[in-house]
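Dear colleague,

Please find below the structure that I am handing over to you.

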Amino acid sequence: MRSLSSFLLLSLTSGVLFVLCEAFAPNEVLSLTTFKEAIYEDPHLVLSNWNALDTDPCEWNGISCTGSRDHVIKINISGASIRGFLAPELGQLSFLQELVLHGNKLLGVIPKELSLLKYLRVLDLGMNELTGPIPPEIGNLTSVLKINLESNGLTGWLPPELGNLRNLQELLLDRNRLQGIVPAGGNVDFTSSMHGMYASSNSTGFCRSSQLQKADFSYNFFVGSIPKCLDYLPRSSFQGNCLQHEDIKQRPKKQCDGASPIQSHAEANQKHRSPEYQPKHQGTSKPTWLLALEVVTGIMVGSLFLIALLTAFQRCNSKSSLIIPWKKSASEKDQVTVYVDSELLKDVVRFSRQELEVACEDFSNIIGSSPDSLVYKGNMRGGPEIAVISLCIKEENWTGFLELYFQREVSDLARLSHENTGKLLGYCRESTPFTRMLVFEYASNGTLFEHLHYGEGCQLSWTRRMKIIIGIARGLKYLHSEIEPPFTISELNSSAVYLTEDFSPKLVDFESWKGILARSEKYSGSFDSQGAICVLPNSLEARHLDIQGNLYAFGVLLLEIISGRPPYCKDKGCLLDWAKEYLELPEVMPYVVDPELKHFKYDDLKVICEVVNLCINEDPTMRPQMQVLCNMLETRIDTTIAVELTASSLAWAELALSS
């Protein structure tokens, strides 16, 4: 009896421990944190409380859980302007019922792994920047009631597998770049040339979706006719396509010339369709014994898989292995397929490694280096001088996510065009040897940091420094307010300012590499300023598109330019801490000025100090926009030739008196 009681107590204890261990599935927390890692812009900080160390995500923004708080059932992050990629690991949220990411700036493709969400009822990815085809696997979401993919950049043919969604009530696909036919399936009136594609008893298409109440296929590039089983939909649901309907407003014929005709689309569908969907020739059929063998084998394999799956779920392993998203392991032969968006980089020049190797003298002309990149100087044959930034990362540490992030960085830098911003000429992406490079137009006079701290002080007169300040302000005004979306410099300091022969400043965001490298397993979390800049109130990641962070850094940069002191050094500490006592008192304000300068204009100094105080305001909301600061500097600081000549004559007079 005692042994029986002990056994029952042990069983009860084990059961309690098992329940506690399974309180929240660790793979779901991992899936959510992986999704956060794939988001590289979060301007409204909606993911700020998504903490990877928190084993209970039910209080995270946008997350809803079951009543027992053991599974995630809803993700709703709409209109938050988050930019990044959809991590395939979202497919591991086995109990998810709603995935709503409407009205953001999501890039890349729709992961086919979302098809694993067997309880999903709402999939809303509308109004983003998604590209690539709609995965046919989406047809496995048998519980889904609503799919919204409107206003993206989706391409390719419309998967007829969507007809498998018997419970689907609402389907919004408008304003994409989808092509081909609207698949009907068992529709007897379907175009004869397409009839053979869906002749089998397992035919798919929208004529099987008996619950569909609302659908919008407008403003794509669909061809052919409207399936009769969809006649009940408003005609506006099909406008703006290339359909054969005179009573519905369609695209001009010129726009439709590139749309695939029905027959070629049928061939394309057969070419890209997986083998189980290939049409069978009526004259060839498998023997009965072979079919029976396949059925028995399938049942055995399925049973073994089910047993293994149940066993895995019943284990509670505190040291569960972490799977790095889209990881390409050196020990495995599997290659990660990365979708390259041809539209994203179509207007950016792609250089070969050989071209750049010749231009940069076999990559021997190194003009800059850091733990994460090398900078080479080169001369393109018959073209400009170039600066080539090469990313220092091994191929085994490169992931599919990093590749998509790299593409986005190239596209983002390529859109900049201003006299005070660095001009991106192109990029290099090769596999053998592994290469990721950016090619900029070279500013021949080096960096502002070099001139301030290692050059001859006489080269940067007061007037020249004022011109540099105004040039930087104009560049930032352009980046913050004259392009959409705005752009900010990852680390705005004197090393990010390059000077031309006539000392005109150009802002170059070389530090954007850190944003890419910080997402690789090897380099994650290994970056710090190493004393190069003062620690700012925002982290590097949060400042990627943080205009307020740029304004703060601009104030520190102004102090560096007029004082000639580095933002931080071990002996003298932080420049800002030293300068604060001089900024607001007119009688001691001149102590801020670089002692190398024999002459400066006090009125200019007052304007600079006023701008600095505005930029470093502890309340970010009180910092004025760059347009206001730039206007203050342009209207109240005189940088004309007359001022330069006056300063020069004073210098000559002083020199004569001293001799």
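Just after helix 11, G564 adopts a positive phi of about 75 degrees. Please bear in mind throughout that this is a predicted model.

Helix 11 itself covers residues 547-563, 17 residues in all. From its first C-alpha to its last it reaches 25 Å, close to the 24 Å expected at 1.5 Å a residue. With the cut-off for burial set at under 20% relative accessible area, 15 of the 17 residues of helix 11 are buried, so the helix is largely enclosed by the rest of the structure.

Strand 16 has pairing partners in strand 15 and strand 17. Strand 15 (residues 366-370) pairs with strand 16 in the antiparallel sense, over four bridges. Within this pairing, I366 stands opposite Y376 of strand 16. Two residues lie between strand 15 and strand 16, and the two strands form a hairpin.

Strand 17 (residues 385-391) likewise runs antiparallel to strand 16, to which seven bridges join it. Here V375 has I389 of strand 17 as its bridge partner. Strand 16 and strand 17 also form a hairpin, with five residues between them. In that turn, G382 has a positive phi of about 70 degrees.

Yours sincerely

Key: Residues are numbered from 1 along each chain as its sequence is written. This is a predicted model: local features need pLDDT of at least 70, side-chain atom pairs count only at pLDDT 80 or more; totals for chains, interfaces and linings use all residues. Side-chain values use heavy atoms; hydrogens and water are left out. Two strands pair if DSSP finds at least two bridges between them. The expected span of a helix is 1.5 Å times one less than its number of residues. Buried means under 20% relative accessible area, exposed over 50%, partly exposed in between (1.4 Å probe, protein chains only).
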